[in-house]
Amino acid sequence: MSVSDISIDKILDIYTRVLRIRRFEEQVALLFSQGQLPGLVHLYIGEEAVGAGVCAALRDDDYIVSTHRGHGHVIAKGGDMDRMMAELMAKSTGYCKGKGGSQHIADFEIGMLGACGIVGGGIPVAVGAGLSAYYRGTDQVAVTFFGDGAANEGSFHESLNLASAMKLPVLFVCENNQYGEFTPAETVMNIKDIADRAKGYGIPGIIANGVDPLKMYTVAAEAVARARAGEGPTLIEAKTHRRGDHAEGEGAFLAGQTYRSEAERKAAQERDPLLHLHNYIAENDLIPMERLESLDQEVIEAVAHSVDFARSSPEPEIESLFEDTWV
Amino acid sequence: MPRKTYIAAINEALMEEMRRDKNVFLMGEDVRLGVFAGTRGLHAEFGDRRVIDSPISELGVAGAGVGAAATGLRPIIDLMFGSFLYLALDQIANQAGAMRYMFGGQATLPIVYMTQNGGGIGAGPHHSQPVHPFFMNMPLIKVVTPSTPYDVKGLLKAAIRDDNPVVFLNQLTLGGRRGEVPDEEYVIPLGQGDIKREGSDVTICTAGLMVHHSLKAAETLAKEGIEVEVVDLRTLSPWDETLVLESVAKTGRFVAVDESYPTCGAASEWAATVAEKAFSHLKAPVQRVTNKPVPMPASPLLEKAVIPSSDEIVAAVKKTL
């Protein structure tokens, strides 16, 4: 499949996912800067193409497992912004009733098996979900998103091997945003492309443009089709970037030091997934601009609603401390 | 009642539960062949799909169990030796042990991590770590360590049916031990201790192999007219506090015997609880008998000196008199 084969409906669907992530994350950045969110938030701005493109290639009953930078994946899989924002504000109406926070949002109803605060921690879990689909004889697939940092964890290597040995329906989607926190990936691995590691496990390794939502969709759709047909896992390396720092507010820890040049930061900013897709739609006259503008208004309103919902939601009761423990 | 070995009882429990529930499957290194015989014969009946020989990949396999359980299956993950569980700790502690809670109750994780705990075979530290206190320290993981063939069968069946992650610790040194195991179906609820010997003078709280060392000590003491009550907790988390406190209320003397280290070990937990909640019944300070705080040496002679012996238990009991 090439980008030109994608239907207009699907393009609008992918655009909507990218836009919803972007507007949500912009709001989160603002709230965090105002001191209105507890804990840590890791924003997905700049990487939206990956989650949106991949999730657009999935069915509702497919599984995804996410990372500490997980807001985008929840939204891309169809998550509810109200319950997400409430979770970020640690309210009782949040996805996890205030017990998970930003790095542990899950929505099992939509196959979103959770974000994960441990780098690489979610990868084996996705293999288990793929194993489960194989075991039950369904054609569901499981996707694990992870970063370049996780590609150096043992869990990544063990999972690739296990999924490959068992030919499980798993997509390993590496979001190579080029930094493990503040350490450039190139300084901690002696290879240029993480996709090369697929070879060592006997599975396809594909490099994808991680700022182009439609390219991500086509690459994912092919890997999903292979997985559904019982042909086993694929490693997709999405070359992408993060717009901001590792976590919001973390600039304070840098104490004036820099870890990437202004030129690099600016170049990254110009490789913008939302802008990229917007321009593609405009240049090819695929969707009327008024439609995109009204969509933006709808999304902005939905985000505003999520903030109102979260703010007006109650704090968790102290009694809930001992709920959700043993079954 | 038929007499069967501990390992045969494990085998029966697995066989029965896999027949009972098609969502139960077994995964681990060499589970087809069944190196310790506990899993032997399962592959012939249940095939490749339900009896999976995995790569030696503890972290990956433990995590695959989490994902499979979260999506409706009931995995039994065989990790062979307790020491190997440390390779899988992220998946057991951070994922299996936290997921249900941190996702606000969305996840149900019926997983059994089955392994051989502790020493006694001269295999050295990498095959002999007593790992149970680690997992007792994780609030949402159940920990089971059966001492007899009867118990291991009933408890393993309960563990497989339990909807929570369970670390199920067998002991190699108990594998050949025989005991009465009925052919009829039975299940022993997790969290229920068992009085293995009644006595009125001193309470010993223990589990696993140490039950047998304690029973031997009790026999010795009985010859001197000292009647020891041996409480076998069977489940270490959650543990049967009530049974222990009732026994202490009766005897007024307490010895905790555990095959792990003194610092933050199981014996420390039991002793602290008794001191806290049954102080008024105590006629003497509580005593702990534990492993010596060194890695498990390979020499059978040295290893024997690390693990609590019945002589040490006798001495500890006498200190309370």
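Residues are classed here as nonpolar (Ala, Val, Leu, Ile, Met, Phe, Trp, Tyr, Cys and Pro), charged (Asp, Glu, Lys and Arg) or polar (the others, Gly among them). The model is predicted, and local features need pLDDT of at least 70, side-chain atom pairs pLDDT 80 or more, while totals for chains, interfaces and linings use all residues. Residues are numbered from 1 along each chain as its sequence is written, chains are lettered from A in the order in which they are written, and side-chain values use heavy atoms, without hydrogens and water.

By class, 8 nonpolar, 5 polar and 3 charged residues line the largest cavity. A cavity is a set of points, on a 1 Å grid over the protein atoms alone, where a 1.4 Å probe fits but cannot get out; lining residues have an atom within 4 Å of a point. Of the 16 lining residues, F36(B), G38(B), T39(B), D78(B) and Q116(B) lie nearest the centre of the largest cavity.

The largest nonpolar core contains 149 residues, and I92(B), Y113(B), F135(B) and W270(B) have the most contacts inside it. Such a core is a set of buried Ala, Val, Leu, Ile, Met, Phe, Trp, Tyr and Cys residues joined through side-chain atoms within 4.5 Å, where buried means under 20% relative accessible area (1.4 Å probe, protein chains only). Helix α1 (residues 8-33) of chain A gives the most to this core, 11 residues; helices are DSSP runs of H or I, at least four residues, numbered from the N terminus. Because domain 1 (3-180) and domain 2 (194-319) of chain B both contribute residues, this core lies between them; the domain bounds come from an automatic or database assignment. Apart from it lies another core, of 51 residues, including M15(B) and V289(B).

How values were computed. On a 1 Å grid over the protein atoms alone, a cavity is a set of points where a 1.4 Å probe fits but cannot get out, and a pocket is an open set with protein on both sides within 12 Å along at least five of seven lines; lining residues have an atom within 4 Å of a point. Buried means under 20% relative accessible area, exposed over 50%, partly exposed in between (1.4 Å probe, protein chains only). Helices (H or I, at least four residues) and strands (E, at least two) are DSSP runs, numbered from the N terminus.
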